[in-house]
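Subject: Structure handover

Hello,

Here is the structure I promised you. Please open it alongside this message; my findings follow below.

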Amino acid sequence: MNFLRLPLILLMTGVLGLAGCSTHQPTALYQLDSGEPGQPKQSSGLAVLLGPVSVADYLQRETLLQRQPDGTLTASPDGRWAGNLSSDIDQLLLRQLAWKLDSQRVVMAPAVANFTPDVQVVLSITRLDSGAKQPAVLDAQWRLLDRKGHVRDSRLVHLEQVHAGSSADQVKAQGMLLQRLADQVSTAIKPISWQPLEEPKKAPVAKAKEPDKPRMPMASPIRTDLEVFRF
């Protein structure tokens, strides 16, 4: 009888295993929402170099992180990033800036050798996360450099965006934060692009001293002891 029960037990185990597999939910993959940026119309618009763009080390992973009320970070059990988060951030900002500046000449660093930017955007993102009960938060710093590499503007940024709590809503909120960042940067770029570069003041050139011209000797009356008699 024990030999007859063994196949039945194995059969039941297999059925339960298949049932467990059928109820397992696949991991959801997420990408940042870049909104609906329009296509820039000007092919010869403002030349902008975006980058270097640095992203905090804790964001260099596929795991979708959740910020807890006590400030700690935990991995999301039901989702992860579909690709490289840093690349998604670069592409979102690139498309947003090109649209807002209406220029096809917005490129990622490093640029090709013959590309001379009117403005360079140097960006550092130190925080981009959210939680089921925590708002999406973006901490960053950007600097704008002119054609000569001089810093023309710089700003520390702290932005927050509320959401409904689900992983999908959190990812959407983080994308909205990056869109707001691009809007802020593009607004700061425009007045800089309108300002002409100051030409360096040239030192006055000292004129060479002309040699003195030889002076003609002045005629002086000659006095003699001769007397003149008139008749």
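Alanine 140 is buried, because its relative accessibility is 5% and the cut-off is under 20%. This is a predicted model, so please read everything here as computed. Alanine 140 sits in strand β7, which covers residues 134-145. Leucine 123 is 17 residues away from alanine 140 in sequence, and their C-alpha atoms are 7.2 Å apart. Beyond its neighbours within four places in sequence, alanine 140 is in contact with Leu123, Ser124, Ile125, Thr126, Arg155, Leu156 and Val157.

Now the sheet. It is open and has five strands, in the order β5-β2-β6-β7-β8, with mixed pairing. β5 (106-108) and β8 are the edge strands; each has a single partner strand, so one side of each has no neighbour in the sheet. From one strand to the next, the twist averages 20°. β2 and β5 run parallel and are joined by three bridges. Leucine 50 is opposite methionine 108 in β5. α2 packs on this sheet and touches β2, β5 and β6. The direction of α2 makes about 150° with that of β2.

Next, α2 itself. The helix has 17 residues and reaches 24 Å from its first C-alpha to its last, close to the 24 Å expected at 1.5 Å a residue. Is α2 largely enclosed or exposed? Twelve of its 17 residues are buried, so the rest of the structure largely encloses it. At the start of the helix, a side-chain oxygen of asparagine 84 comes to within 2.9 Å of the backbone nitrogen of serine 86. Just after the helix, aspartate 102 has a positive phi of about 50°.

On to the core. In soluble globular proteins, nonpolar side chains tend to be buried together. Here the largest nonpolar core has 44 residues. Which of them touch the most other members? They are Ile89, Leu93, Leu138, Leu144, Leu178, Leu181 and Ile189. At least two core residues come from each of β2 (48-55), β3 (63-67), α2 (85-101), β6 (119-131), β7, β8 (151-161) and α3. α3 gives the largest share, ten residues. Take leucine 138 as an example. Not counting residues up to four places away in sequence, leucine 138 touches Ile125, Arg127, Leu128, Val157, His158, Leu159, Leu177, Leu178 and Leu181.

Leucine 101 is 85 residues away from serine 186 in sequence, yet the two C-alpha atoms are 6.5 Å apart. Setting aside residues up to four places away, serine 186 touches Leu97, Lys100 and Leu101.

Serine 167 is also in α3, which spans residues 167-194. Serine 167 counts as buried, at 11% relative accessibility. Its side chain makes a polar contact with the side chain of aspartate 78, at 3.5 Å. Apart from neighbours within four places in sequence, serine 167 is in contact with Tyr30, Leu64, Ser76 and Asp78.

Best wishes

Note on methods
Residues numbered from 1 in each chain as written. Predicted model: local features only at pLDDT ≥ 70, side-chain atom pairs only at ≥ 80, totals over all residues. Heavy atoms only, no water. Helix = DSSP H or I, 4+ residues; strand = E, 2+ residues; numbered from the N terminus. Buried < 20%, exposed > 50% of the residue type's maximum accessible area, 1.4 Å probe, protein only. Polar contact = N/O pair within 3.5 Å; in protein donor to acceptor, adjacent residues only side chain to side chain. Contact = heavy atoms within 4.5 Å. Core = buried A, V, L, I, M, F, W, Y, C linked by side-chain atoms within 4.5 Å. Expected span 1.5 Å × (residues − 1). Pairing = 2+ DSSP bridges. Axes fitted to C-alpha atoms, helices over the stretch in contact; angles between N-to-C directions.
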